[in-house]
Amino acid sequence: MGRIALLWIASLATLLLWGQSQAHETQPGLLELNQLSPERYEVLWRAPIYYGKPHPASVALPENWRPLGEPTVRQLPDSALHRSVVEVAGGSIDSSVIRFPGLEGTITDVFVRVSRLDGSEVSQVVRPFQPFAELRGERPWYVSSGEYLLLGFNHILMGIDHLLFVLGLLIIVQGRIMLIKTITAFTVAHSITLALATLGYASIPGPPLNAAIALSILFLGPEIVRVWRGQTSFTIRHPWVVAFAFGLLHGFGFASGLSTVGMPKAEIPLALLAFNIGVELGQLAFVFLMLLLVRAFRVLELHWPRWAELLPGYAVGSLGAFWTIQRTVMMF
Amino acid sequence: MKLRLFPFVAGLLLLAPPASAHLVTSGLGPFYDGALHLLLSPADLLGLLAVTLLAGLRGPQAGRWTVLILPGAWFVAGLIGLHAGIGFDLPWVSVLLLLVLGVMVAADAKLPAGAVAALAGLLGALQGLANGSALAELGAGPVAMLGIAGSAFVLALLVCAAVVSLRPAWTRIAVRAVGSWVAAVGLLMFGWLSQTA
């Protein structure tokens, strides 16, 4: 019964997600303010490509920041880079408020980084529900940590493909010990690659990475069907191995949500740790909710016809196939 | 806070003026905005709680039907409200239904599963229409409505299953006590509406 419940949850999730063909486009934006002279700042606004279109959010600088010269725009493969230089009367930008009109209607977070001539660097995260940044000096470590933790938590909840993969694993896994082993393997694996990618030791370009992540979901579809036919396979016997292998890929995907470009070096370990904890908490919350729902299905004795039991496996596989083909085509 | 103050405080929360109704911005897109909207709307939550408690008390069959019919009616009515785009608010009916449901839970009314499901459908339809028309005014789309219905499904499933699985007699009494609080809140709202009408 538990597996039927999970299958139906997977099926419903798949149907809900079918329309979101461009799943998991949550690359953050980046606003850098680099002090050039006591009163001059370089403003770099990197707006990610949003579902294949220019990002709807813009940057509204404080009125007393006087633009010098014409701003420039450079198109990068994954974003548009806007550059301008401004003069700030008095030189102090503390307490200034930078707004991001249009951000509130999106799912994009924005990193704001300030580098001053004295070598000090500060960063903060702006979220869509509070689309502005009030510039301040140094902030306590726990404030930054909280921001990165929330960022990680939100990132996995928005990462439909990651969640679908975890759901697929939950359907395949048999027994509590195996469940713990599998989820732990996935966690360890994605933590490794998240750290490697964030620290700059390894990277995979976005398009093939997204295609490979979609492939991991496609991979689980036939395995789910095998489970229901009573057959076995290496994946069914050792789901933790598959979780670990694909977890390495998913870790690179998580890293796309944490931009460390221009981040003060001293802050990177803290940001990485807090972001990863956020991802784990989000993942655990999802797994816990799924287990609760499974129990609820069992208690209410919700039964489904035999033919319907196979549907979710095919649905997960089809969605994985759709994403794989779509993302592969997008590479060329 | 003493438990006897619960209906009063809950009533105050529920009597927030309609202008305070808005779609919560979760920052995670319209689906999550919708899901969060239900979780942060005390009046909607209380109605859902009452009908799912009643269904849970009546056993697995009533629970099953409620879990399927409540969010289904909520979603379909929500889409109707969304497309009709007219302000829809029937506070008297909603409050009366809340009061009736609370009394039924408190009395552990021996309703057949079909009647419980019908009440769940009625509640879902009323809430859905109200949500849908409110979302239309905000310019939100069906995805937000899907989030609300999805959230209603998950909550209904969890509450129904939790009540059905209760075994000791005192736990059922505790559920009935919660029903009496819901009834008290409904009565308070009824009185308030009478005063302000």
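The contact between the two chains takes 17 residues from chain A and 17 residues from chain B, two residues being in contact if their C-beta atoms, placed from the backbone, lie within 7 Å. This is a predicted model, in which local features need pLDDT of at least 70 and side-chain atom pairs count only at pLDDT 80 or more, while totals for chains, interfaces and linings use all residues. Residues are numbered from 1 along each chain as its sequence is written, and chains are lettered from A in the order in which they are written.

**The side of chain A that touches chain B**

- Helix H2 (141–158) and H8 of chain A each supply at least two residues to this side; helices (H or I, at least four residues) are DSSP runs, numbered from the N terminus.
- H8(A) gives the most, with five residues.
- By class, this side of chain A has 12 nonpolar, one polar and four charged residues.
- Ala, Val, Leu, Ile, Met, Phe, Trp, Tyr, Cys and Pro count as nonpolar, Asp, Glu, Lys and Arg as charged, and the others, Gly among them, as polar.

**H8(A) against H7(B)**

- The axes of H8(A), residues 268–299, and H7(B) come within 9 Å and cross at roughly 55°; axes are lines fitted to C-alpha atoms, for helices over the stretch in contact, and angles run from 0 to 180 degrees between N-to-C directions.
- The two helices are therefore oblique to each other, a term for angles left over when those under 35 degrees count as roughly parallel, over 145 as roughly antiparallel and 65 to 115 as roughly perpendicular.
- Their crossing is left-handed, meaning that the near helix is turned anticlockwise from the far one by less than a right angle, whereas clockwise is right-handed.
- A:Leu292, A:Leu293, A:Arg295, A:Ala296 and A:Val299 meet B:Val154, B:Leu157, B:Leu158, B:Ala161 and B:Val164.

**H3(A) against H8(A)**

- Helix H3 (residues 160–172) of chain A packs on H8(A) at an angle of about 45°, with the axes 11 Å apart.
- That angle makes H3(A) oblique to H8(A), and the crossing is right-handed.
- A:Leu163, A:Val166, A:Leu167 and A:Leu170 in H3(A) meet A:Gln283, A:Phe286, A:Val287 and A:Met290 in H8(A).

**B:Ser165**

- B:Ser165 lies in the loop between helix H7 (142–164) and helix H8 (169–196) of chain B.
- B:Ser165 counts as partly exposed because it has 15 C-beta neighbours inside 10 Å; 20 or more would be buried and 12 or fewer exposed, with C-beta atoms placed from the backbone.
- B:Leu57 is 108 residues from B:Ser165 in sequence and 9.6 Å from it in space, C-alpha to C-alpha.
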